[in-house]
Amino acid sequence: LLEYKSGSAARAASIFEGVLASYPKRLDLWTVYLDAELKATHVETARQILHRAVTLKLRARQAKGLFKRLLDLEREHGDEASIAKVKDMARAWVEENT
């Protein structure tokens, strides 16, 4: 996080990617990375992070939280098509995992 504030955002992203490669199931790391990217106003990167995170093997409560964050992001920065896409992704996840 300090790297985002006082260093290079690209280096910070690289560090986070390395940590996520080592611990892909740690959702707390995904959300810290997401929050840092959003704070740095990297909306497209945050969108990509969320899209990757929802493809993980998740429990229903975890998936719900991630889909909610993705839907909120799309409502704020996306358009109607992107909102519909997120809703479709969530429906597909529910069908596959219930």
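**Close-up views of a predicted model**

**View A. Ile-83 in helix 6.** Ile-83 has a relative accessible area of 11% and is therefore buried (under 20% relative accessible area is buried, over 50% exposed and in between partly exposed, with a 1.4 Å probe and protein chains only). The residue belongs to helix 6, residues 80–97 (helices are DSSP runs of H or I with at least four residues, numbered from the N terminus). Between Ile-83 and Leu-71, twelve residues apart in sequence, the C-alpha to C-alpha separation is 6.3 Å. The model is predicted, with local features requiring pLDDT of at least 70 and side-chain atom pairs pLDDT 80 or more, whereas totals for chains, interfaces and linings use all residues. Residues are numbered from 1 along each chain as its sequence is written, and side-chain values use heavy atoms, leaving out hydrogens and water.

**View B. The two faces of helix 2.** Ala-12, Ala-13, Phe-16 and Leu-20 are the buried residues of helix 2. Because they cover an arc of only 100° around the axis, they lie on the same side of helix 2 (the arc is taken from the directions from the helix axis to the C-beta atoms).

**View C. Helix 2 against helix 3.** Helix 2 packs with helix 3 (residues 27–39) at an angle of about 165°, the axes being 10 Å apart (axes are lines fitted to C-alpha atoms, for helices over the stretch in contact, and angles run from 0 to 180 degrees between N-to-C directions). Helix 2 is therefore roughly antiparallel to helix 3 (a term for angles over 145 degrees).

Methods: Angles under 35 degrees count as roughly parallel, over 145 as roughly antiparallel, 65 to 115 as roughly perpendicular and the rest as oblique.
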